[in-house]
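Here are some notes to read alongside the model, written for someone meeting it for the first time. Keep the 3D view open as you go.

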Amino acid sequence: MCVDAEIGILTLMSYDRYVAICLPLHYDVIMNVRTCVHGLAGVWVSGVITAAMHAAATFSIRFCGPRIIHQFFCDVPQILKLSCSNDYIYELGVTAFLAFVAFLCLIFIGFSYMRIFSSVLRMPSAEGRAKAFSTCLPHLAVVILFLSTAAFEYFQSHSDSPTVSDILLTIMYTVVPPTFNPMIYSLRNKAFKSAARKVFKRNKAYLC
């Protein structure tokens, strides 16, 4: 559920940046409160549906032997390794469908950034270009990190005894992007930075 929600949020954020840079005069009209609420509701509803599909497919799998997963958490590829029947075909179908949806999100993000970079390169002001790039590049870095590590984790062949690199890859796409998101985006918010300065000054005065 969280992985699907993360993909949805990253896709919404790319659209937000597209509107802000390519259609700045219409930003307040397009990205109003109603649009944001509907977008976030759609993200979490799709996450719940994804989780339900995976749960239904996983509960139909029969397992044999030791039910021990040497991994950071109980992920789909590791569950399929424990199956001793052909029942995992349903789970493969769900995974393939969701991978296709993730691919469509990637196409949408790529198209958004093509339009964004095209608009940025036409900006006459170097300061405007630098500001636009500083807004987009952190988000693009998180997208690349999240999707590349997730794709490598799901498409590589898994052994019975996972290596340290396998566990690190899982951590890279399950823990790192959600952890970095608040730090990357909130630190650009003026209100957040102002509040953080006040907290640090208050703590410094208290310690002194």
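1. The protein chain has nine helices and zero strands, where helices (H or I, at least four residues) and strands (E, at least two) are DSSP runs numbered from the N terminus. Read from the N terminus on, its elements go α-α-α-α-α-α-α-α-α. Please bear in mind that this is a predicted model, in which local features need pLDDT of at least 70 and side-chain atom pairs count only at pLDDT 80 or more, while totals for chains, interfaces and linings use all residues. Residues are numbered from 1 along each chain as its sequence is written, and side-chain values use heavy atoms, with hydrogens and water left out.

2. A word on the chain overall. Of its 208 residues, 33% are buried; buried means under 20% relative accessible area, exposed over 50%, and partly exposed in between (1.4 Å probe, protein chains only). The accessible surface comes to about 13300 Å², and carbon and sulfur atoms account for 71% of that surface; the areas come from the Shrake-Rupley method with a 1.4 Å probe, and for residues only the protein chains shown count as cover. Among contacts (heavy atoms within 4.5 Å) between residues at least 6 apart in sequence, 67% join residues at least 24 apart.

3. How many salt bridges does the structure hold? There is one, formed where the side chains of Asp16 and Arg17 meet at 3.8 Å, N to O. The term stands for a side-chain nitrogen of Lys or Arg within 4 Å of a carboxyl oxygen of Asp or Glu. Arg17 is buried, at a relative accessible area of 10%.

4. Next, the nonpolar core, meaning a set of buried Ala, Val, Leu, Ile, Met, Phe, Trp, Tyr and Cys residues joined through side-chain atoms within 4.5 Å. The largest one has 22 residues, and Ile7, Ile21, Tyr113, Ile116 and Phe146 have the most contacts inside it. Helix 1, helix 5 (88–121) and helix 6 (126–155) are the elements that give two or more residues to this core, and helix 6 gives the most, with eight. Beyond its neighbours within four places in sequence, Ile7 touches Ala102, Cys105, Phe146 and Leu147.

5. Asn32 caps the N-terminal end, with a side-chain oxygen 3.3 Å from the backbone nitrogen of Arg34. The buried residues of helix 3 are Gly39, Val43, Gly47, Thr50, His54, Ala57 and Thr58.

6. Thr58 counts as buried at 17% relative accessibility, and His54 does so at 19%. A polar atom of the Thr58 side chain lies 2.7 Å from the backbone oxygen of His54. Neighbours within four places in sequence aside, Thr58 is in contact with Phe63, Ile79 and Glu91. On that basis, His54 is in contact with Val76, Glu91, Val94, Thr95 and Leu98.

Technical notes
Polar contact = N/O pair within 3.5 Å; in protein donor to acceptor, adjacent residues only side chain to side chain.
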